[in-house]
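Please keep the sequence and the coordinates at hand while reading.

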Amino acid sequence: MARSSGFLDTLLSSPTTERYRVGISLLFLLGVWLTVGSFSQGMPNSMLLMAAAVIGGYMAINIGANDVANNVGPAVGSGALSLGAAVVIAAIFEAGGAIIAGGDVVSTIKGGIIDPSNLEDGRAFVWLMTAALLAGALWLNLATWMGAPVSTTHSIVGGVLGAGIAAGGWGIADWAVMGKIAASWVISPVLGGALAALFLFAIKKTVLYRKEVIPAARTFVPWLVAIMAWAFGTYLMIKGVKKIVKVDFLEATLIGLAAAAVVFFIMRTLVGRMASTMENSSAGVNTLFTWPLIFAAALLSFAHGANDVANAIGPLAAINDALAAGSSVVTSASIPMWVMMVGALGLAVGLMLFGPRLIKTVGSEITELDKTRAFCIALSAALTVILASQLGLPVSSTHIAIGGVFGVGFLREYLKSNYATQLHKIMEHHDPAEQERLKPFLDDFRNASVEEMENLLKQAKKKKQVPLSKSERKRLKKIYREEMVKRSHLVRIAAAWIITVPASAMMAAILFFTLRGLLI
């Protein structure tokens, strides 16, 4: 883990590396420009199509840089995957999901947030989508630079909204849909965080807090991984391959259950074999979640590529069809393979070149993750999307994943401060003259994991330890709380989420007026 972190720090801090990354990105975009130019030569408005393709590629790079970190960040932070392996796996599966399951037709007016029939001039539609795409990409670029994971869907939604209002006035927007999107700012992280914390607490109670960890792991871990297999089987059928195979929710659930049954028997055999050599501790249990986390990172990346590639190529496909049809307004567009390849390759390039910055934030800077906690976050992400889909709630995969990270962090914080309170109550009944004997114990207690703290509490009941003053207890609890979750990241990320839609909308409106002024 230390080796991976050292590589990551070097990658992020080297000015030379930064220049190489920017240079490779520019080469990719130049390749897009030349490729589109080669087959659009002689077509009307070919220069505009070439420019739109470059902007679409730029958007795809930024989606790869910002959004993909949520799928692999917990696995990297927990040590289940090295940074290099995570980048390779995510790049392959993101591109595969985009190409294999990205679909032939997407709605280019994202979520129906504007009514394009209000546009009298067909050219305004092309300018609108171009401005929305560029604004979304610029905002994502800025958020990635700040180290803030934001929703790429919300970025493009804000871009379409802002450019749409600039083109057709306030009446063009569907404000009911926008209200649902605003609601998702709260729904997504709360659901993700609550489920991740619930699963982590269940694992602690059923396995990690047991005196004999190995027998408990043999009983419960196969069931936990089977639940994950069901969640991901269902998730992939609903979100990942829905444009290849049409299934309803019941069919998707049954397919997920079949996958869960197979995984259960495999895991029961594997855990049984590993039990004889496994350490009787939380560290031993952690090793059981390594491969489930690797598969989770791959499957989340595949589903993300299948769904969110539309944020880059949907507007580009609309522009392509509109230009081919003489700048008429379109509400859905067929996606030629070249457009799909721009999105798929852009996702992979962005992840490999710029993804490490956000992977570091998600995986290690918010709260400390081990494999058990990362497993709970991945499981929460899949279950939250399934639940929200059935309830018709608008959610963001980014917000869910980050909510899960904060959820496990706040649970750890609560448990640790709760143990601290128990210890202080025990100490209040003892002689203040023994403070010197107390200090080494408190030092050990402060640096202990939640599982180790429970053992220390048992020791405290047997030994006559000394109480702390009320002010010291409060100060100690505050130290614990700050150790578990980084408040500065919480504030920065929340602020970035709130301003994503208005910021990208404002950028898009300015860009629309600029394009219209240049092209009329």
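Gly-192 lies in helix α8, which covers residues 175–208. The model is a predicted one, and in it Gly-192 has a relative accessible area of 0%, so this residue counts as buried.

Leaving aside residues up to four places away in sequence, Gly-192 touches Ser-380, Thr-384, Ile-400, Gly-403 and Gly-404.

## Packing of α3 against α13

Two packed helices are described by the angle between their axes and the distance between the axes. For helix α3 (residues 46–66) and helix α13 (residues 310–324), the axes come within 8 Å and cross at roughly 170°. Because angles over 145 degrees count as roughly antiparallel, α3 is roughly antiparallel to α13.

On the α3 side, the contact is made by Leu-48, Leu-49, Ala-52, Ala-53, Gly-56, Met-59, Ala-60 and Ile-63, and on the α13 side by Asn-311, Ala-312, Leu-316, Ile-319, Asn-320 and Leu-323. Sorted by class, the contact of α3 with α13 comprises eleven nonpolar and three polar residues, with no charged residues.

## Helix α12

Helix α12 spans residues 290–308, and its 19 residues reach 27 Å from the first C-alpha to the last, which is close to the 27 Å expected at 1.5 Å a residue. Of the 19 residues of α12, 16 are buried, so this helix is largely enclosed by the rest of the structure.

Side chains of opposite charge can pair when their charged atoms come close. How many salt bridges does a search of the whole structure find? The search finds one, and in the salt bridge between Asp-370 and Arg-373 the side chains meet at 3.6 Å, taken from N to O. Both partners, Asp-370 and Arg-373, are buried.

## The chain as a whole

The secondary structure of the protein chain comes to 20 helices and two strands, and 57% of its 520 residues count as buried. When contacts in the protein chain between residues at least 6 apart in sequence are considered, 85% of them join residues at least 24 apart.

Technical notes
Residues numbered from 1 in each chain as written. Predicted model: local features only at pLDDT ≥ 70, side-chain atom pairs only at ≥ 80, totals over all residues. Heavy atoms only, no water. Axes fitted to C-alpha atoms, helices over the stretch in contact; angles between N-to-C directions. Helix = DSSP H or I, 4+ residues; strand = E, 2+ residues; numbered from the N terminus. Parallel < 35°, antiparallel > 145°, perpendicular 65-115°, else oblique. Contact = heavy atoms within 4.5 Å. Nonpolar A, V, L, I, M, F, W, Y, C, P; charged D, E, K, R; others polar. Expected span 1.5 Å × (residues − 1). Buried < 20%, exposed > 50% of the residue type's maximum accessible area, 1.4 Å probe, protein only. Salt bridge = Lys/Arg side-chain N within 4 Å of Asp/Glu carboxyl O.
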